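Visitor: I would like to go through this model with you, one question at a time. Could we begin by looking at it?

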Amino acid sequence: MDVEILLYPGFDEVDAIGPHEMFQNARAAGADVETALVTLDEAATVVASHGLEVGVDGRLGTPDTLVVPGGWWGDRSENGVYGEYRRGSIPDAIARVYDAGATVLSICTGAMLVAEAGCFDGVPATTHHVAHEALRETAATFVSARVVDAGRLCSCGGVTAGFDLTAHFLERAFGTAVHEAVLTEMEYEPRGPIHDAG
């Protein structure tokens, strides 16, 4: 499985780096997974919402799984989700990747980019609490849950909920042994609820 985590200026560090570490630990536990940090346009590094400068592996391709982190929806900044939501290039790219068959995992307010892509139209989804009302105003079916599994579209609440979503997805994709190995390595205990819309 090829997993690409889409970075952009102002993304939340934990939203991207947390799932990245979990996928890397899944690989160490025997999962057939390759993970890359990617951008829409050519870039060597990206500065995240709290100032961390992160190296980039390449440009967005056509992965099996796309992870869309959130970051800075509430402050209406030109960086972060809100700026990308307004510009539209990233939502267009998400739609392209999803239409090509990828599974899309939205972390935190990354759900707003997936919603703007049209992927959540009529689909159960959730996001960070600062964007609950905004998500309700889209064509998504808002669900109050920590994690929502709608098959090829999965979403979760804010920041640390990304660990829960990734853990759930790892179990779904690679089985209980990999799932438990990752949680043991990271000393993490997921918490619910998980809304299974599948």
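**Reading the predicted model**

Guide: Buried residues, meaning those under 20% relative accessible area, with exposed over 50% and partly exposed in between (1.4 Å probe, protein chains only), make up 56% of the 198 residues in the chain. The model is a predicted one, in which local features need pLDDT of at least 70 and side-chain atom pairs count only at pLDDT 80 or more, while totals for chains, interfaces and linings use all residues. Residues are numbered from 1 along each chain as its sequence is written, and side-chain values use heavy atoms, with hydrogens and water left out.

Visitor: What radius of gyration does the chain have, and why does the value agree with a compact globule?

Guide: The radius is taken over C-alpha atoms, and the globule rule is 2.2 Å times the number of residues to the power 0.38. The C-alpha atoms fill a box of roughly 40 × 35 × 30 Å along the principal axes. Because the rule puts a compact globule of 198 residues near 16 Å, the chain agrees with it at 15 Å.

Visitor: What share of the contacts between residues at least 6 apart in sequence joins residues at least 24 apart?

Guide: A contact here means heavy atoms within 4.5 Å. Among contacts in the chain that link residues at least 6 apart in sequence, the share joining residues at least 24 apart is 63%.

Visitor: In which order do the strands of the open sheet lie?

Guide: Helices (H or I, at least four residues) and strands (E, at least two) are DSSP runs numbered from the N terminus, and the chain comes to 7 helices and 12 strands. Two strands pair if DSSP finds at least two bridges between them. An open sheet of 8 strands shows mixed pairing, and its order is 5-2-1-6-7-11-10-12. Each edge strand pairs on one side only, and these are strand 5 (58–59) and strand 12 (194–196).

Visitor: Which residue of strand 2 is the bridge partner of Ile5?

Guide: Strand 1 (residues 2–7) and strand 2 (residues 34–39) pair in the parallel sense over 6 bridges. Since 5 of the 6 residues of strand 1 are buried, that strand is largely enclosed by the rest of the structure. Leu6 stands opposite Val38 in strand 2, whereas the bridge partner of Ile5 is Leu37.

Visitor: Which residue with positive phi follows helix 3?

Guide: In helix 3 (residues 89–99), the residues Ile90, Pro91, Ala93, Ile94, Ala95, Val97 and Tyr98 are buried. The buried residues of this helix pack against several elements, among them strand 1, helix 2 (80–87) and helix 4 (110–116). With a positive phi near 115°, the residue that follows helix 3 is Gly101.

Visitor: Is Val159 buried, partly exposed or exposed?

Guide: Val159 lies in the loop between strand 11 (153–156) and helix 6 (161–174), and its phi is near 50°, a positive value in a residue other than glycine. Its relative accessibility is 26%, and therefore Val159 counts as partly exposed.

Visitor: What is the relative accessible area of Glu187?

Guide: Glu187 has its place in the loop between helix 7 and strand 12, where its phi, near 50°, is a positive value in a residue other than glycine. Glu187 is exposed, with a relative accessible area of 75%.

Visitor: What distance separates the C-alpha atoms of Glu189 and Phe163?

Guide: Glu189 sits in the loop between helix 7 (176–186) and strand 12, and is exposed, with a relative accessible area of 71%. Although Glu189 and Phe163 are 26 residues apart along the chain, their C-alpha atoms are separated by 9.2 Å.
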